[in-house]
Amino acid sequence: MRVLERLREVGKKAFSGGNWVDSSLPGNVSAAKRTFAVVGTNVNFGELVGGLETNAALHAAVSWLAKSVNQATPVVKVRRRDGTEEVTAHHLLTQLLERPNSYYDGKTLFAGVVLSLVADGNAYLGIERDAEGQVLEICWLAHTRVTMQKDPQSREPFDFWEYRPPTGTPIRVPKRDIVQVRMGIDPEDPRYGLAPLKALVRQQYALEQGTTYTANVLRNGGTPMTILTPRDPDTLIDPQEIADRWNAKTQGDRVGSALVMDVPVEVHYPKATPNDLALETILDRMEADICAVLGVPAQVLGLHSGRLSKTYANMKEAREVAWEEAVLPLLNLIAGCLSHALLPEVSARWERERLTFDVSQIRPLMPDVDSLHNRAREDWKANLIDRAAWKRMVGLPVVAEDAGVFYEDTTETQLSGKGGL
């Protein structure tokens with residue numbers, strides 16, 4: 001499969017400058033756009049919403065998830081005979097994930113995977129092979145361009161992948177040449193994952209309409225809506241001319257300039273201001289729903305709805321919750337799928353290996369140093385641990401003389417004047 005060559009031909013720029021738009025789609029349509037059906041209404045909200053690039057809350061969530069996933073380092077662990085595991089240095093799979101192809105690096109690859117999982121529930125990686133069939137490169141494929149296809153009379157769930165490039169005819173791709181990372185199972189078609197955005201299409205629409213309305217109010221000089229009527233019912237006016245003159249002075253760059261009417265008119269302002277509509281409360285709920293579905297607290301994303309609970313004291317806890325509820329499950333999902341699909345391709349001992357992510361250096365997941373030292377000190381004073389265990393707990397080097405030495409021993413030594421700690 002020569003998917004990478006086709007991508008280079010059309011100059012695909014899926015992640016240029018942090019933009020989440022798939023610029024290869026017709027009319028610059030967002031890669032995340034979907035026509036989801038919503039129960040209880042005949043309005044197709046999926047057709048009315050934009051992509052992630054037009055919704056600040058969704059963009060913030062996906063960007064944060066992508067950046068967080070890329071803080072973890074992919075590693076391959078091999079299982080020893082005694083059941084313990086050790087990290088395999090310079091494994092072919094980790095090297096492949098670090099530099100998947102000559103087009104972009106591994107961080108961009110994982111950013112694409114996160115985007116596809118949130119937007120579609122399915123992420124696809126195309127495999128490029130050498131002449132002997134060995135894995136040479138992998139690349140992210142837009143989820144809007146990959147589908148499962150069946151041969152006539154086939155009883156298999158699917159027989160091949162179909163990749164639709166931006167230009168040209170669709171490409172038939174063998175099963176083994178595309179890796180599917182699936183989030184959950186779509187009950188309508190278990191072959192695919194379930195997109196989180198399916199549950200958020202109305203929230204996405206409400207946020208976009210609310211921010212558009214607010215922007216238009218500001219553009220109109222703070223006037224949400226105006227009705228002009230003749231003061232004298234016998235006065236003859238041209239309604240369109242009056243409207244044009246009013247709009248020319250209250251919209252665009254001429255907002256706030258003087259307006260003199262040569263006919264007596266009454267100006268009415270219907271009760272449809274942002275305060276009357278309670279936009280702040282309504283939009284807060286939409287943001288909260290997005291955060292709940294994606295598992296990231298609003299204060300972590302810096303959203304307006306998180307202002308009431310955002311304090312210095314609980315920000316650390318919020319980051320921990322975001323990692324435990326959103327990032328770690330996402331890392332486990334990605335690692336499991338890639339282990340299953342790629343380890344047999346690149347390693348002869350794949351049955352004893354697994355791909356995982358090293359999160360030991362992730363700050364929100366690190367233990368509190370003060371709490372760690374306090375607990376070690378209390379255990380040491382209670383004679384629950386010896387000096388060797390105490391040093392290990394606080395990260396100090398241990399020597400042979402530390403084994404078997406307890407707090408009581410050191411206290412007696414100090415009282416007798418023989419020295420000690």
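The model is predicted: local features need pLDDT of at least 70, side-chain atom pairs count only at pLDDT 80 or more, and totals for chains, interfaces and linings use all residues. Residues are numbered from 1 along each chain as its sequence is written, and side-chain values use heavy atoms, with hydrogens and water left out. Helices (H or I, at least four residues) and strands (E, at least two) are DSSP runs, numbered from the N terminus.

**Helix α3**

- Ten of the 14 residues of α3 are buried, so the helix is largely enclosed by the rest of the structure; buried means under 20% relative accessible area (1.4 Å probe, protein chains only).
- The buried residues of α3 include Leu58, Trp64 and Val69.
- Asn55 caps the N-terminal end of α3, with a side-chain oxygen 3.2 Å from the backbone nitrogen of Ala57.

**Strand β1 and its partners**

- Strands β1 (residues 73–79) and β11 (residues 353–358) pair in the antiparallel sense over six bridges; pairing requires at least two bridges found by DSSP.
- Thr73 stands opposite Asp358 in β11.
- Strand β2 (residues 85–87) runs antiparallel to β1 and is joined to it by three bridges, with Val78 opposite Glu86.

**The three-stranded sheet**

- An open sheet has the order β4-β3-β8, with antiparallel pairing.
- Its edge strands are β4 (135–141) and β8 (178–182), each pairing on one side only.
- Five bridges join β3 (residues 122–129) to β8, where Val179 is the bridge partner of Leu125.

Key. Buried means under 20% relative accessible area, exposed over 50%, partly exposed in between (1.4 Å probe, protein chains only). A polar contact is a pair of N or O atoms within 3.5 Å; within protein, one must be able to donate a hydrogen and the other to accept it, and residues adjacent in sequence count only if both atoms are side-chain atoms.
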